[in-house]
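This briefing is for a reader who is new to the structure shown below. Its topic is how two parts of one protein chain meet.

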Amino acid sequence: MKILGTGSALPKHTVTNDMLSEYVDTNDEWISTRTGIKSRQIITTERFEELAALAGQRAIEAAGLVPEDIDFIICHNVCNVYVTPSLASLVQGILGIKGPNCPTMDLNSACAGFIYGLDICDAFIETGRAKHILYICAEEVTRMVDWTQRETCVLFGDAAGAMVLGKGEPMLARRLTSTPMPDVIYYRLPCEATPFETGPGIDTHMPMQLKGREVFRMAVTSAQRDITDTIKSAGLTPDDIDHYLLHQANMRIIDAIKQNLDLPDERFHHNIERRGNTSSASIPVLLDEIVREGKVKRGDLLLFNGFGAGFVTGTAIVRY
Ligand code: ACO
């Protein structure tokens with residue numbers, strides 16, 4: 001699998017920490033020292049599916065292709081107003097990719113989802129089932145939080161990151177893990193009422209809830225374990241990896257992992273200070289930024305690592 005082109009799209013409205021203090025009892029000092037976040041982009045007038053499609057269009061252009069070259073669209077998304085049809089199907093329509101020979105589907109593995117989806121893309125490409133996959137991770141996390149809860153609403157931003165994948169060298173190594181811990185991070189939407197449902201159910205709406213300290217601990221422990229194991233299983237050493245792109249959830253988590261591996265700062269890319277936590281979009285948006293800044297060259301080894309609700313983790317090593 002080869003990354004033929006990358007793209008991203010961000011909402012136009014930037015919200016600083018100071019601006020948030022107009023809505024909840026918070027301040028720049030608390031947010032930046034605890035998380036590293038200074039500002040984030042939040043959807044205002046944009047249509048979410050159009051943002052996802054724009055990231056996809058930019059990836060197609062960067063790959064030197066046209067929409068008709070795409071023969072599979074896979075989107076990763078935790079939540080948007082359309083439960084069905086899939087985001088991938090909506091994107092297909094916006095990009096004008098005619099059917100019926102371009103299947104579409106959505107995936108959801110929370111904030112680690114970019115890596116889960118990338119593994120599926122690798123399988124489809126390497127078995128010859130698809131030639132050019134448009135893979136988009138798009139999230140509007142700011143619509144999953146309660147904007148009166150300062151513990152959660154200050155952490156997130158909205159974004160879409162995309163790539164076009166084609167034939168190349170198979171993924172060098174991956175490690176996907178899942179441990180059932182549904183109360184650590186969750187968000188519940190109500191379904192429609194029926195005249196038959198009588199049990200207590202859990203159908204009540206609940207904006208995003210998270211046990212931040214537990215997430216922090218698990219993220220650092222699992223990332224250290226998974227990064228080391230994945231590098232070893234590829235027959236490499238940490239020094240062989242040119243670029244570490246970790247889920248942008250908290251700068252302190254990234255710093256802890258960096259210190260553990262004892263590698264130069266410039267190998268650990270981050271944009272959390274400008275983007276906030278954009279869930280599964282965080283890594284592909286970051287990749288697109290460093291590619292466009294000319295920091296990545298063909299042949300470089302990329303390591304991706306993410307974690308999220310479940311509790312799920314994903315780590316992958318890919319040659320750019
Ligand atoms: N502004 C000011 N004060 C705040 C805010 C805020 N926005 N939010 C909470 N506080 C207060 C709390 O009320 C508490 O006050 P108290 O001591 O008087 O009770 C105090 O700050 C400490 O709160 P904690 O929740 O214990 O703060 P902590 O140091 O754990 O930081 C954080 C919270 C940033 C969420 C941290 O736990 C963390 O980074 N966790 C891991 C990442 C994470 O959970 N990301 C969320 C998404 S999950 C994902 O991406 C997969």
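A salt bridge here is a side-chain nitrogen of Lys or Arg within 4 Å of a carboxyl oxygen of Asp or Glu. By that rule, the count between domain 1 and domain 2 is 2 salt bridges. The model is predicted, so local features need pLDDT of at least 70 and side-chain atom pairs count only at pLDDT 80 or more, while totals for chains, interfaces and linings use all residues. Residues are numbered from 1 along each chain as its sequence is written, and side-chain values use heavy atoms, with hydrogens and water left out.

**Domains**
- The protein chain is assigned domain 1 (2-166) and domain 2 (173-319), with bounds that come from an automatic or database domain assignment.
- Their C-alpha centres lie 14 Å apart.
- The contact (heavy atoms within 4.5 Å) takes 51 residues from domain 1 and 45 residues from domain 2.

**Buried area**
- Domain 1 and domain 2 bury about 3,700 Å² between them, 62% of it on carbon and sulfur atoms; buried area is the accessible area (1.4 Å probe) that two parts lose on being put together, summed over both.
- On the domain 1 side, Cys-111, Ile-115 and Tyr-116 lose the most area to domain 2, together 17% of what that side buries.

**Salt bridge**
- Arg-174 pairs with Asp-119 in a salt bridge whose closest N and O atoms are 2.7 Å apart.
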